[in-house]
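Open your viewer and get ready to select by residue number. This tour goes stop by stop.

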Amino acid sequence: MKTLFIEDNIKYIGSQLAPHWIYKNFNIMGNAIVAFIGECEVDLSHMVDIEDVINDEPIYSKLMLSFIEENFNSSLVEMVYKQRLLVTITKELIERKNPSVKIIRNGDDLYIGEKKLSVSIATKSITSSLIHFGLNIDADGAPVNAADLIKDAKIHNIKEFALEIMKTYSEEVSDINNAACKVRGVI
């Protein structure tokens with residue numbers, strides 16, 4: 001899986017969760033995960049999570065670390081598994097870097113105490129499956145009780161953190177694929 005940390009500030013509005021967005025904008029063809037920093041403001045017209053639309057819950061973060069993955073050979077259910085793997089890797093990494101910070105994972109969401117640290121969704125396009133995973137860097141103005149990476153999780157080098165998440169995730173996905181290839185079938 002290809003990875004890229006995008007240096008440019010990008011406002012995540014939901015339209016980036018689209019087939020070939022990574023390829024068209026960064027010339028990375030195939031299975032890939034990218035990370036970038038920017039404001040996050042997803043209004044209901046760009047929401048993929050129907051539950052959030054029904055509950056009238058738009059997403060906002062003054063500054064967010066966003067990950068977008070596109071995969072061309074995974075079903076939606078497989079992408080949900082990968083989404084949970086990405087979230088779990090992030091939880092483990094925060095706790096390893098700062099043992100005093102207790103992260104709670106509830107499905108595809110991360111919390112510090114009662115404060116929500118992340119947003120995440122997996123979806124399917126006509127050609128691929130996609131994930132958006134976002135972590136608040138600055139939670140001021142969020143529409144929910146929100147935690148952030150700097151004040152609450154004590155993560156200060158966001159780029160380094162993002163690179164470590166993508167490296168660990170990419171290696172884990174590769175290891176899973178290798179594990180599936182090394183066994184013989186049984187009858």
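**Before you start.** This is a predicted model, where local features need pLDDT of at least 70, side-chain atom pairs count only at pLDDT 80 or more, and totals for chains, interfaces and linings use all residues. Residues are numbered from 1 along each chain as its sequence is written, and side-chain values use heavy atoms, with hydrogens and water left out.

**Stop 1: the sheet.** Show the strands as a cartoon. Helices (H or I, at least four residues) and strands (E, at least two) are DSSP runs, numbered from the N terminus. Five strands form an open sheet in the order β1-β2-β3-β8-β7, and the pairing is mixed. Two strands pair if DSSP finds at least two bridges between them. Which strands sit at the edges? They are β1 (2-5) and β7, each pairing on one side only. From one strand to the next, the twist averages 25 degrees. Strands of a sheet pair through backbone hydrogen bonds, parallel or antiparallel.

Now select β1 and residues 32-42, which are β2. The two run parallel, joined by four bridges. Pick T3: its bridge partner in β2 is I33.

Stop 2: α3 lies across β2, β3, β7 and β8, at about 25 degrees to β8. Axes here are lines fitted to C-alpha atoms, for helices over the stretch in contact, and angles run from 0 to 180 degrees between N-to-C directions.

**Stop 3: S61.** Select S61, in strand β3. Is S61 buried or exposed? S61 counts as buried, because its relative accessibility is 0%. The cut-offs are under 20% relative accessible area for buried, over 50% for exposed, and partly exposed in between (1.4 Å probe, protein chains only). Leaving aside neighbours within four places in sequence, S61 is in contact (heavy atoms within 4.5 Å) with E39, C40, N136 and D138. Then draw a line to P19: the C-alpha atoms of S61 and P19 are separated by 24 Å, and the two residues are 42 apart along the chain.

**Stop 4: the largest pocket.** A pocket is an open set of points on a 1 Å grid over the protein atoms alone, where a 1.4 Å probe fits, with protein on both sides within 12 Å along at least five of seven lines; lining residues have an atom within 4 Å of a point. Grid points are joined across faces, edges and corners, and a volume is the space filled by probe spheres set on the points.

The largest pocket holds about 520 Å³ of space. Select D52, I59, K116, V119 and S120, the closest to its centre of 29 lining residues. β7 gives the largest share of the lining, four residues. By class, the lining has 15 nonpolar, seven polar and seven charged residues. Ala, Val, Leu, Ile, Met, Phe, Trp, Tyr, Cys and Pro count as nonpolar, Asp, Glu, Lys and Arg as charged, and the others, Gly among them, as polar.

**Stop 5: the second largest pocket.** Its volume is about 190 Å³. Among its lining residues are M1, N31, K82 and I176. α4 gives the most, with four residues.

**Stop 6: two loops.** Most residues other than glycine have a negative phi. Select N27, in the loop between α1 (21-26) and β2. N27 has a positive phi of about 55 degrees, and N27 is exposed, at 64% relative accessible area. Finish at K154, in the loop between β8 and α4. K154 has a positive phi of about 65 degrees and is partly exposed, at 44%.
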